[in-house]
Amino acid sequence: MLAIIGAIIVLLGAILLFIASLGLFRMPDIFNRMQAGTKATTLGSMLVYLGFILIEPTWWAKLLLLMVFIFLTNPLSSHALARSALFQKLFRAKLTSAEIKQETGKKYEDASGDTLDWNVANAVGDGADVGNSLDENNTAGVDGGSK
Amino acid sequence: LVDIILYVAGGLILLAMIISFFRLLIGPDFMNRTVAFDALTIMALSVVVLLGFFLKRQNFLDVALVYGLLSFLGVMVVARFGEKEL
């Protein structure tokens, strides 16, 4: 009975890891990808180890060591990656409608601006997609900005 | 029943590793690939523990611990390298 509960907990952790990889593939921005790819994998791998503690109770010491190790080191590496990405001024997706409007207004002003080339190309595609789902008024401005 | 559920869980984790590997391939930047690599090693850690259960060997947990330590050090070094000028 304990083994079945442990197996179900392992399956729950595997589902969380799968959702994490899906978010890592689908998210528009490096910070959103990091949010999906580190928090969900931390909880998912900890659930997998907890399930194996219930399945094989004699392995508890090393599995507990692995759980503590993941719990300590994974947010630390995520923090270092986020700080490095913030320092390099990578592309950040405009998610709210005010940010989209501000982005398009600014893009009309400095057409020869100092933003990176692939950043602008990426921002237009992603912003138009988000603007369609958020607010209908902004889609015209975003589409006008893209052309 | 436990073996069937664990086979399904292992298949899900392998599918998750394949999807993360696509992000590692098409990631438009250096840091995106590092994030995908970080997630990929943690999924590989769970696969190693699962394999240790199926082969009934406790030594695989030591392998998982050392692999997690090495991946943490690798990601940390890459992040520290990215803070300077690339």
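A: **Salt bridges and the contact between the chains**

Lys62(A) and Asp62(B) form a salt bridge, with their closest N and O atoms 3.2 Å apart (a salt bridge is a side-chain nitrogen of Lys or Arg within 4 Å of a carboxyl oxygen of Asp or Glu). This pair crosses between chains, from helix α3 of chain A to helix α3 of chain B; helices are DSSP runs of H or I with at least four residues, numbered from the N terminus.

The model is predicted, so local features need pLDDT of at least 70 and side-chain atom pairs count only at pLDDT 80 or more, whereas totals for chains, interfaces and linings use all residues. Residues are numbered from 1 along each chain as its sequence is written, chains are lettered from A and ligands numbered from 1 in the order in which they are written, and side-chain values use heavy atoms, with hydrogens and water left out.

Lys62(A) is partly exposed, at a relative accessible area of 29%, and Asp62(B) is likewise partly exposed, at 34% (buried means under 20% relative accessible area, exposed over 50%, and partly exposed in between, with a 1.4 Å probe and protein chains only).

Over all chains the structure holds 2 salt bridges. Lys56(B) lies in the loop between α2 and α3 of chain B and Glu56(A) in the loop between α2 and α3 of chain A, so this pair too joins two chains. Their side chains meet at 3.5 Å, N to O. Lys56(B) counts as exposed, with 55% relative accessibility, while Glu56(A) is buried at 16%.

The contact (heavy atoms within 4.5 Å) takes 49 residues from chain B and 48 residues from chain A. Together the chains bury about 4,300 Å², 77% of it on carbon and sulfur atoms; buried area is the accessible area, with a 1.4 Å probe, that two parts lose on being put together, summed over both. Arg23(B), Val35(B) and Glu83(B) supply 13% of the area that chain B buries against chain A, more than any other three residues.

The largest nonpolar core has 45 residues; such a core is a set of buried Ala, Val, Leu, Ile, Met, Phe, Trp, Tyr and Cys residues joined through side-chain atoms within 4.5 Å. Its largest share, 12 residues, comes from α2(B). Leu66(A) is among the residues that touch the most other members. Beyond its neighbours within four places in sequence, Leu66(A) is in contact with Tyr49(A), Leu45(B), Val49(B), Leu61(B), Ala64(B) and Leu65(B).
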